[in-house]
Amino acid sequence: MKLEDFAVHQKGYAFKSKDYIEDGVAVVRVSNLTTDSIETSDLKYVSDGIALDKSNFRLRYNDVVIATVGSWPKNPASVVGKVIKVPDNCEEFLLNQNAVRFRANSNDDNDQLFLYYLLKSKEFSDYIISTAQGSANQASITLKDIYAFNFQCPSRTERQFIAKNLSALDKKINLNRQTNQTLEQMAQTLFKSWFVDFDPVFDNLLMKLLAKADFNLEALNDSLDNLDFANDFPADFPDVLRHKAQLRLTALQAEAAAKNCDLAALFSESAHSSESAHSLVKSRSAESANSQDKSRSQDKSHSLDSAYSGVESHSEDNNIHRHFPSEFEFNQQLGWIPKGWVENTIDGLCKINPQSWTKKNSPETVKYVDLANAKNGSIGEVANYAFEDAPSRARRILQPHDTIIGVVRPANRSFAYVNEEGLTGSTGFTVVRANQENYRAFSYLSLTNEDCIKEFTRIADGAAYPAIKPEDVAKAECIYSSESILNEFEILVSAFMNKIATNEQQNEALTKLRDTLLPKLISGELSVDELSVDELSVSARKHPNSADVSDVSNVGPNVVFSESVESVANASLAVMTADPRLIE
């Protein structure tokens, strides 16, 4: 069957830049297309009037979009023929030129999903690249060639099976991504609490002031409620710290109310344990999730629960606050900081761009990470190349626990924490490698917090191609506390980082499975009947209940494919393990 007999299309509209406004109806450009979705951080907008006039170009959930202009395969992040599926938060957006929207003729939801997976197949990708034309730097494809694509159309039952189960794998992949974003936010929250807001120091300060006034622990609750900030603080205590201490006390009172305990309990030794730190980040992350778009609140809540599932902290310290001082001192560069802490720079704690490939030490192949593949803390799909065929920028040697910072357009937030062995980064990254284990998380979060990204954006040089230099990353200011504090911080945050790494490994396995199943199911090499499928389910014998999809060693070939995303993901991996044709 030809594609033109299965789907209808709508080309994007050439919206004029003069019509773009600050806020309105979003316009999706080719540059907003990711590997499989839409990046919403850099959208353009038009008025409601223009949107109404151009309503034919509106997108809806699960629309399939193909980029008709882009690069050649050596630059996979912007490759021509890129296929994405419109997510639910981009419904009603408008499609710009150089892209085409496709919808299944049948208007059936499963056929729409099947269409997406069909066009994501290697068969279609290879075909469409073979038809592309253009210069060395830009390629284009035509609607005529897209529509001419021939494929073997499976039966309705088989299309339903493909749509249902491959989309379940994608849902699990997306849930893992959302979970990782939440974990990243948790790590940033703890960093801000300790090294920006100095919460533990203010806690110790409040305790010290009360001790000077001879308040005992039993009377602490009433004493704090009646504390006179105008009179009880030292005369030389600066107003800015007085205000922050007042805010901290208010936060502690709110936390006590939420936990249904008194303030004395919060200042007890047990309340200052690592569990308290986890409670802080979870509560603040929940507040952030609740402030998001209500239409996605359920997914945010699910990702928050998933984030805490399997996170284990191995800190044995039952009183983290004992590592923190209770006084402040003025620093000419940083202002008021905890007493004994000193200013430092990243290159005082880390090596910058420590290793690179050369002709003498180059490997045969590389797994290449480009700037477009690193975003907000995580690395997306990587491209595999023979070294001699790899882009000339594929030179930075990456190791697990490295921080990579994109130096071009820092506002694009092309940074990540490396969790995988054997990666090679673009020279567009500055690679930061901690000198000690307890500097890893601290240096990463020092360079990727909102204030630092804003500063990199401010100092980026070049109007058309704004960029910072590796020296700017090296000399980024940070505050050094103590080895003991950094040890505790590394223990707590590494629990988040380990969970992120586990989710990334799981996604790699799920992606491999999906991409292996796809061509075999579409081509008929692997049929639904061979998987013991009766309509949309497989005859039940056994399936794993664990969220760890890698643990499928004891699962047989006949597995339940249920409505649960976790179950489908686990069951699909079980089928792959049981059938040698899927892992050839």
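Here are some questions and answers about this predicted model. Local features rest on pLDDT of at least 70 and side-chain atom pairs on pLDDT 80 or more, while totals for chains, interfaces and linings use all residues. Residues are numbered from 1 along each chain as its sequence is written, and side-chain values use heavy atoms, with hydrogens and water left out.

Q: How many helices and strands are there in the chain?
A: Let's start with the count. Helices (H or I, at least four residues) and strands (E, at least two) are DSSP runs, numbered from the N terminus. The chain has 17 helices and 26 strands.

Q: What percentage of the residues in the chain is buried?
A: Buried means under 20% relative accessible area, exposed over 50%, and partly exposed in between, with a 1.4 Å probe and protein chains only. Of the 584 residues in the chain, the buried share is 49%.

Q: Are α13 and α16 roughly parallel or roughly perpendicular to each other?
A: The axes of α13 (residues 440-448) and α16 (residues 483-523) come within 8 Å and cross at roughly 75 degrees. Axes here are lines fitted to C-alpha atoms, for helices over the stretch in contact, and angles run from 0 to 180 degrees between N-to-C directions. Angles under 35 degrees count as roughly parallel, over 145 as roughly antiparallel, 65 to 115 as roughly perpendicular and the rest as oblique. The two helices are therefore roughly perpendicular.

Q: Which residues in α16 meet α13?
A: Contact means heavy atoms within 4.5 Å. From α13, the residues taking part are R440, A441, F442, Y444 and L445. Their partners in α16 are L486, F489, E490, V493 and M497.

Q: Where do the buried residues of α3 fall, seen down its axis?
A: In α3 (residues 122-131), F124, I128 and T131 are buried. Seen down the axis, the buried residues fall within an arc of 60 degrees (taken from the directions from the helix axis to the C-beta atoms), so they line one face of the helix. An α-helix has 3.6 residues a turn, so residues three or four places apart point the same way. For α3, the place asked for is one face, within an arc of 60 degrees.

Q: Which exposed residues does the face of α3 turned away from its buried side carry?
A: The buried side has cover that includes β4 (64-67), β6 (83-85), α2 (109-119), β9 (133-134) and α4 (143-147). On the face turned away from that side, the exposed residues are K122 and S130.

Q: Does F198 count as buried or exposed?
A: F198 sits in the loop between α5 (156-195) and α6 (199-212). Its phi is near 55 degrees, a positive value in a residue other than glycine. At 7% relative accessibility, F198 counts as buried.
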